[in-house]
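Trainee: Could you walk me through this assembly? I'd like to go through the helix packing, the chain contacts and the sheets.

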There are 4 protein chains.
Amino acid sequence: MSELPYGYFGPEGTFTHQALLTLPLPAAAPIPYPTVPSTLEAVREGKIAAGLVPIENSVEGGVSATLDNLCYGDPLVITREVLLPVSFDLFVRPGTALADVRRVITHPHAAAQCRGWLARELPLAELTEDGSTAAAAAEVARPDSPYDAAICARVAGELHGLTSVATGIGENPDAVTRFVLVSRPGPIAPPTGADKTTMVLFMRHDHPGALLELLEQFASRGVNLCRIESRPTKKSIGDYCFSVDAEGHIDDARVAEALMGLHRISARVVFLGSYPRADGVQPVVRGGTSNDAYREAADWLERLRRS
Amino acid sequence: MSELPYGYFGPEGTFTHQALLTLPLPAAAPIPYPTVPSTLEAVREGKIAAGLVPIENSVEGGVSATLDNLCYGDPLVITREVLLPVSFDLFVRPGTALADVRRVITHPHAAAQCRGWLARELPLAELTEDGSTAAAAAEVARPDSPYDAAICARVAGELHGLTSVATGIGENPDAVTRFVLVSRPGPIAPPTGADKTTMVLFMRHDHPGALLELLEQFASRGVNLCRIESRPTKKSIGDYCFSVDAEGHIDDARVAEALMGLHRISARVVFLGSYPRADGVQPVVRGGTSNDAYREAADWLERLRRS
Amino acid sequence: MSELPYGYFGPEGTFTHQALLTLPLPAAAPIPYPTVPSTLEAVREGKIAAGLVPIENSVEGGVSATLDNLCYGDPLVITREVLLPVSFDLFVRPGTALADVRRVITHPHAAAQCRGWLARELPLAELTEDGSTAAAAAEVARPDSPYDAAICARVAGELHGLTSVATGIGENPDAVTRFVLVSRPGPIAPPTGADKTTMVLFMRHDHPGALLELLEQFASRGVNLCRIESRPTKKSIGDYCFSVDAEGHIDDARVAEALMGLHRISARVVFLGSYPRADGVQPVVRGGTSNDAYREAADWLERLRRS
Amino acid sequence: MSELPYGYFGPEGTFTHQALLTLPLPAAAPIPYPTVPSTLEAVREGKIAAGLVPIENSVEGGVSATLDNLCYGDPLVITREVLLPVSFDLFVRPGTALADVRRVITHPHAAAQCRGWLARELPLAELTEDGSTAAAAAEVARPDSPYDAAICARVAGELHGLTSVATGIGENPDAVTRFVLVSRPGPIAPPTGADKTTMVLFMRHDHPGALLELLEQFASRGVNLCRIESRPTKKSIGDYCFSVDAEGHIDDARVAEALMGLHRISARVVFLGSYPRADGVQPVVRGGTSNDAYREAADWLERLRRS
């Protein structure tokens with residue numbers, strides 16, 4: 001039986017593409033999709049086994065298109081994550097000098113990271129935002145392009161035959177993007193001991209203290225959070241949901257109890273998967289919150305009831 | 001097969017006796033015991049089916065002998081509670097006038113409630129404390145007793161042929177004592193919808209915020225407390241345990257989860273029974289904490305794991 | 001003495017421009033700036049008295065450029081807010097039919113809101129993102145533009161002589177954008193009774209429960225939050241700060257105490273102003289948190305100390 | 001000007017007397033009072049400069065008479081505390097052998113601690129409770145006393161010419177009683193760096209979570225508790241107030257803010273003094289809760305307001 005390929009938020013030459021190549025892949029060549037939603041839709045439709053999309057950047061923050069699509073579409077789950085350092089070059093058509101660059105094109109996230117360098121080195125250059133850094137490179141590669149330079153990953157510049165005239169031009173040399181591999185729901189891989197669980201929490205009524213109550217569901221079970229991000233629910237100003245990464249796996253008793261607690265007090269909990277952490281960091285399991293402690297407490301209760 | 005009798009903290013004529021008579025009793029006559037510990041020991045030894053002892057008074061607070069014995073001895077559980085209004089009379093031997101009363105005897109709890117009246121009406125009288133109000137009445141009934149009067153329940157005064165020279169002399173006309181019927185552990189009667197669960201909580205380390213953490217185990221499951229009382233653990237000044245009555249029954253999912261949570265983070269949880277409330281007040285079950293909500297959340301989790 | 005003009009995130013014809021026109025303005029004509037950072041820099045340099053920039057959209061969420069610039073640059077404060085419904089039209093050069101539209105240009109936030117309509121009505125159209133909806137309209141107005149249509153505000157389409165071929169094409173007819181008027185720090189206008197205070201909170205160590213501790217600083221003083229938004233601190237994945245709008249004014253005792261508490265336990269609190277709420281909603285002041293209650297408690301403490 | 005003497009809960013020969021002798025005393029001989037209330041009343045009436053009474057025992061718990069009198073009478077404050085190991089002997093009239101002891105008299109607290117020894121060594125002895133261990137010794141010293149032995153402090157036995165037939169008979173060889181020196185309100189001695197503040201807290205409405213809210217007033221300011229004890233308010237079963245010792249001094253900013261917070265959300269806060277700890281233990285002052293941190297935060301707020 002032939003295996004489905006993976007897909008990714010393309011085009012070829014993006015950081016997402018680079019990130020995908022760090023994973024073990026099916027034999028079939030990976031398929032680029034033009035947008036995050038089209039990548040995830042291809043997963044939902046069963047055209048690809050899984051799709052890789054960016055979810056978070058250490059500089060720009062959450063990737064709204066990913067967060068919102070995972071939250072509101074048909075159920076999908078994250079099965080892997082990839083962390084990739086993000087480094088930008090300024091690529092031009094061969095023959096263009098740095099001093100001649102007037103119009104620069106790139107993706108908004110890259111633009112945000114390179115604005116300081118541009119203001120310093122190319123104060124007169126005009127910056128246009130495009131859908132991806134790879135598309136920007138492709139645009140600049142067109143002989144009649146109105147743009148002189150693209151800010152993009154080295155892989156994209158090289159793919160399109162461009163020349164680098166400046167390297168590492170982002171403000172944050174340590175910038176990292178986090179990508180998630182997304183599949184249709186299926187059996188969840190067992191805990192590795194260093195896992196994350198991702199979910200979106202909608203508050204029942206947006207009353208004062210509601211966020212505090214949600215956080216206490218984690219805290220009272222000793223579950224730490226790695227990420228919390230508010231997103232508008234698109235209903236009205238001031239109505240938020242929260243995208244959360246928690247330490248641990250749905251098969252860890254403390255995580256399971258926290259999930260059930262959240263399910264009970266929230267309007268809605270969207271479970272987005274339990275998967276191994278890319279950094280392999282194991283959680284500090286607080287006293288009384290290990291699986292053994294949970295099992296022991298359940299046995300104790302059972303004995304009380306039966307005594 | 002012959003049924004075991006009930007016992008109570010006697011002697012005959014105490015409020016505990018009165019309280020016992022409000023319960024459905026086995027055929028065998030109830031047996032008075034001289035102290036709370038001897039009553040509870042008789043339960044442990046299987047000499048009586050159950051023993052009634054005072055646990056709390058609306059004026060004096062917790063009854064230490066009961067709280068400590070339940071906590072530190074072999075396991076016992078509360079199966080019923082009784083609330084009894086407490087009203088005191090001043091009883092004398094027939095012939096003694098109120099104005100002649102010089103030495104008064106009674107139980108310390110009664111003394112505490114009648115001190116104001118004594119200071120006002122019998123400023124010169126000397127007050128001696130005795131083991132029970134009924135014993136005080138018995139003492140005064142002895143012709144050669146050094147005491148002129150006993151503060152006791154009407155039933156005790158009458159039992160011993162004494163005469164009331166003042167009635168309702170307690171400071172708190174609404175004073176109430178709460179009694180508990182205690183048995184050896186056995187099958188727990190099912191929830192009535194208006195139940196209490198009693199326990200003693202020992203903190204793991206007496207660190208700052210430890211009590212807050214215990215209370216959050218209740219709060220995060222929507223379990224309200226009816227009573228919380230600190231008791232020294234007898235180890236050192238500043239080392240306390242907490243005797244707690246919580247709303248609900250061990251078979252209520254929110255109570256069960258709170259108990260397990262407490263068991264996990266405490267040094268020790270002594271379960272002292274789930275039983276119907278004497279006042280029949282039903283708890284307000286907060287959204288998301290009903291048995292249905294718990295069951296639904298468990299089903300949801302199961303579906304996520306299996307999907 | 002001549003009064004400085006206001007500035008705004010332009011160009012002319014943007015929603016920001018529209019929002020500015022709802023405010024009382026200085027005599028001098030308002031000045032458009034090409035970006036949020038350049039608008040705010042003009043405020044810092046004293047070229048304009050105040051600048052209006054978008055901070056939040058009910059669909060897209062926070063405006064990163066605004067949140068980050070306010071947080072990391074020289075101190076600025078918000079003195080007013082404006083809420084503006086956001087409605088999009090599809091504008092073309094006169095003579096173009098809807099069916100002929102192949103290339104559409106707009107700002108990413110507008111793109112996000114109109115993707116559904118485009119997928120339905122113009123499935124083959126290619127969407128390009130530009131720096132503003134007004135710039136998109138200007139681009140389409142160029143006779144040799146490669147773009148056939150712009151998604152923009154009516155005011156922008158009309159300004160550039162374009163024709164609307166579809167109206168209200170956003171997914172969220174109730175979409176609202178919130179703008180803030182930003183000045184250099186100066187005397188804070190007194191409370192109106194319906195105020196907001198905006199700040200950014202950096203946690204001291206990103207330890208588990210740190211966000212909970214920050215939220216408790218508000219909760220323990222009865223201060224409700226209207227908005228909380230995580231932003232990466234640009235240091236590493238998983239290091240966040242929180243942009244927060246709280247109900248009340250820095251001159252309200254409960255807000256002042258919460259601010260001081262946050263200042264004490266945070267690595268850094270960036271105060272971004274206290275200003276009247278655009279919706280005029282007055283906070284519910286919980287028992288014991290009014291200015292009178294604070295004053296009374298301070299008097300009580302003073303009496304204890306002096307007694 | 002002649003200095004007023006100190007008073008204490010007598011009679012001579014009690015542990016309270018012993019505890020008093022550890023303090024620097026006025027020249028005038030200390031005056032014993034027959035009860036805790038009469039000692040404290042003498043302070044209120046200005047007959048004595050201060051009175052020493054027991055407040056807590058590591059075995060028996062709080063001393064109700066002291067806790068209640070301090071809470072409900074005219075204002076008094078604690079200015080010192082004394083910790084005293086409590087060790088009991090069995091004293092008899094000279095000539096009585098241990099084996100002949102049939103009737104034993106002592107104070108209920110001593111009785112509680114020596115019951116185990118009595119049950120073991122004198123199983124047939126009848127135990128009567130009296131107002132103080134010293135009074136018990138005096139009673140036994142009467143030639144025609146019906147009692148054969150008193151359980152009391154060595155000092156009391158010796159004072160009354162009795163003979164010890166057993167020593168250290170309490171169950172808890174490490175038992176300690178804590179005494180407090182109580183005065184009329186006046187200037188509070190400045191902080192020593194190792195201080196305690198005592199208070200009684202009445203909840204506004206006895207709603208679920210009310211105790212949690214009170215505790216959070218301490219926790220949110222980093223103030224640790226040394227003791228918390230529930231006391232019935234004497235209104236009805238289930239209505240409690242809380243007697244609390246907190247680490248720190250009313251002149252410590254974090255304690256002052258917690259006191260004001262409690263005053264604002266409680267029905268009533270009875271302040272019972274700030275005074276040096278007998279054990280000299282200095283509190284761990286959590287980050288951001290020192291006086292310097294408070295002052296710095298107040299300065300910061302002032303700068304924001306004035307900027």
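Trainee: How do H9(C) and H8(D) lie to each other, parallel or oblique?

Mentor: Before that, a word on the source: this is a predicted model, where local features need pLDDT of at least 70, side-chain atom pairs count only at pLDDT 80 or more, and totals for chains, interfaces and linings use all residues. Residues are numbered from 1 along each chain as its sequence is written, while chains are lettered from A and ligands numbered from 1 in the order in which they are written. The axes of helix H9 (residues 291–306) of chain C and helix H8 (residues 253–265) of chain D come within 9 Å and cross at roughly 125° (axes are lines fitted to C-alpha atoms, for helices over the stretch in contact, with angles from 0 to 180 degrees between N-to-C directions; helices are DSSP runs of H or I with at least four residues, strands are E runs of at least two, numbered from the N terminus). Under 35 degrees counts as roughly parallel, over 145 as roughly antiparallel, 65 to 115 as roughly perpendicular and the rest as oblique, so H9(C) and H8(D) are oblique.

Trainee: Which residues of H8(D) make that contact?

Mentor: Contact here has its own cut-off: C-beta atoms, placed from the backbone, lie within 7 Å. H9(C) brings Ala293(C), Tyr294(C), Ala297(C), Ala298(C), Trp300(C) and Leu301(C). On the other helix, H8(D), the residues are Ala256(D), Leu259(D), Met260(D), His263(D) and Arg264(D).

Trainee: How many residues of that contact are nonpolar?

Mentor: The classes are simple: Ala, Val, Leu, Ile, Met, Phe, Trp, Tyr, Cys and Pro count as nonpolar, Asp, Glu, Lys and Arg as charged, and the others, Gly among them, as polar. Where H9(C) meets H8(D), 1 residue is polar and 1 charged, and the nonpolar ones number 9.

Trainee: Which element gives the largest share of the side of chain D that touches chain C?

Mentor: Overall, 25 residues of chain D are in contact with 25 residues of chain C. On chain D's side, helix H7 (210–219), H8 and helix H9 (291–306) each give two or more residues. The largest share is 8 residues, and it comes from H9(D).

Trainee: How far apart are the nearest C-alpha atoms of chain B and chain C?

Mentor: Chain A and chain D have no contact, with their closest C-alpha atoms 13 Å apart. Chain B and chain C do not touch either, and their nearest C-alpha atoms are apart by 13 Å.

Trainee: In E10(B), which residue is the bridge partner of Val92(B)?

Mentor: Strand E6 (residues 89–92) of chain B runs antiparallel to E10(B), joined by 4 bridges. In E10(B), the partner of Val92(B) is Thr163(B).

Conventions: Contact = placed C-beta atoms within 7 Å. Pairing = 2+ DSSP bridges.
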